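Please look at the sequence and the structure below before reading on.

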Amino acid sequence: MLHRAGHTARSLLSTVASAALSTDYPTLHQHSIESSDEFWNQIATERIYWREPYQTISDCNFKAGKVNWFTGGKLNVSENLLDRHLVEHSDKAAILWERDEPGQHEIVTYKALHEMTCRIANVLKSHGVSKGDRVGVYLPMCPTAAAVMLACARIGAIHNVVFAGFSAEALGKRLEQSEAKVAFTADRAIRGGKLIPLKSIMDEAAKMAPSVQKVFVMDRTGAVELTSSKDVSLESEMAGASSECAPVVLDSEDPLFMLYTSGSTGAPKGLVHTQAGYLTYAGYTHQQIFDYKPDDVYACVADVGWITGHSYVVYGPLSNAATTVMFESTPNYPDPGRYWETVERLKINQFYGAPTAVRLLMKSSDSYVTKYDRSSLRTLGTVGEPINPKAWQWYFDIVGEGRCPVVDTWWQTETGGIMIAPRPGLDPNNLTNLKPGAAMRPFYGVDIALMSPDTKENDLQIVVDLTPRATIVSPATPWSLRI
């Protein structure tokens, strides 16, 4: 039996759920700051399926490094992303896999993704992986990568995804430091028409990580070679595994995943996001900031090796029963029109990419954009770095035809989700209020303060660097961060 926690009035829940309207934003934002627990209780009640209701909404002291959300609650994230959607959305596309090969995509339904996830979960269990074990993931951008993440979540294992472009040394350090019990890789990745020897890189990395007992090898390009006693064919193992796997019931504050970030020192540092707070925030920000609607096709072209891929390719969209695009290629392969040809073919409604890619593509002729039908687009987004006004204007005018708001988002690996963006609070009938190159508004639960370098702490509970002359304060957001 699945439970919802809380007993708040549905009228305010309905208001919060539709709060992308600019007229609702000031009141609701103030409410989210002044009555943080009440606000997030309403969101968690509406959005999450609970096996057991939580007893405490938040127990946080950022100065002391204590962050606890929805204490006492029991849930399974994989169940929230897959099982609860099967009754109404079994045959709906969960993932549209845009392969590196131009013009080719594959559809993975919620039913198929559920079965794939369960098979991988059972493979992991058959090799002794259980709750709390760390699992290294070094895979191409493909549905298997998402299924591995969800399989770990299903059994309580902790995935540690590493971008499949990192060196053997970088991968090895992350496997060693996380004490990975098993790892996933592929024979090769293919990106921009070029082959990347993932298996060979994993072979070298595994030598640095004695904790790794098995390496599951996915067949991406037909060149699988099992060269070590640790190597196992993933497809062979999945073929013999059951397509049913009961989800493990976990505590709200049990670890969900690890992810390494270089931060300010350049040395990799592993951080952990936990279950309920992360899921609540990732799903709610995805729905609100991108104005996601039930039949939309949503595309974030980031890699799952980064936090953007975790939150806005996998966890956020799937929690909303969305159709999410996994993009394996590069912005200019086979030419600078690749993104926009994909938009036309897949009828994408929201497109979320990096300012670096925008600046690269604007150097080419606008015809690479305009020759494709982009009428399906409603929202454009940027992530990963500031976007300069000139690139913003090109993105808005040429790609979005002056009718699609650009949601310039600011956040960090540590926060797990978007903290500043133009939406919610954006009037869809007055896009002149957008400011090129500015993220503009704090999300619900986020209170911001501009400070000079010599400003004293005052009564701020946490300060995170934004720019050399600005900081962000967030005492009221359901982060699940642990460092």
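A contact means heavy atoms within 4.5 Å. Residues 24 or more positions apart account for 74% of the contacts in the protein chain with a separation of 6 or more. This is a predicted model, in which local features need pLDDT of at least 70, side-chain atom pairs count only at pLDDT 80 or more, and totals for chains, interfaces and linings use all residues. Residues are numbered from 1 along each chain as its sequence is written, and side-chain values use heavy atoms, with hydrogens and water left out.

**Overall composition**

- The protein chain comprises 16 helices and 25 strands; these are DSSP runs numbered from the N terminus, helices being H or I with at least four residues and strands E with at least two.
- Of the 483 residues of the protein chain, 58% count as buried; buried means under 20% relative accessible area, exposed over 50%, and partly exposed in between, with a 1.4 Å probe and protein chains only.

**Cysteines**

- The number of disulfides is zero, a disulfide being a pair of cysteine sulfur atoms within 2.5 Å.
- Cys 152 is buried because its relative accessibility is 0%.
- Cys 300 likewise has a relative accessible area of 0% and is buried.

**Helices H11 and H12**

- Helix H11 (residues 276-289) packs against helix H12 (residues 307-319) at an angle of about 90°, with the axes 8 Å apart; axes are lines fitted to C-alpha atoms, for helices over the stretch in contact, and angles run from 0 to 180 degrees between N-to-C directions.
- H11 and H12 are therefore roughly perpendicular, a term for angles of 65 to 115 degrees.
- Residues of H11 in this contact include Tyr 278 and Leu 279, and those of H12 include His 310 and Tyr 312.
- The contact of H11 with H12 involves six nonpolar, seven polar and no charged residues; Ala, Val, Leu, Ile, Met, Phe, Trp, Tyr, Cys and Pro count as nonpolar, Asp, Glu, Lys and Arg as charged, and the others, Gly among them, as polar.
- In H12, 13 of the 13 residues are buried, so this helix is largely enclosed by the rest of the structure.
- Ala 321, which follows H12, has a positive phi, near 55°.

**Helices H3 and H11**

- The axes of helix H3 (residues 36-47) and H11 cross at roughly 85° and come within 10 Å.
- Phe 39 and Trp 40 are among the H3 residues that meet H11, where Thr 280 and Tyr 281 are among the partners.
- By class, this contact of H3 with H11 has six nonpolar, three polar and one charged residues.

Note on methods: Parallel < 35°, antiparallel > 145°, perpendicular 65-115°, else oblique.
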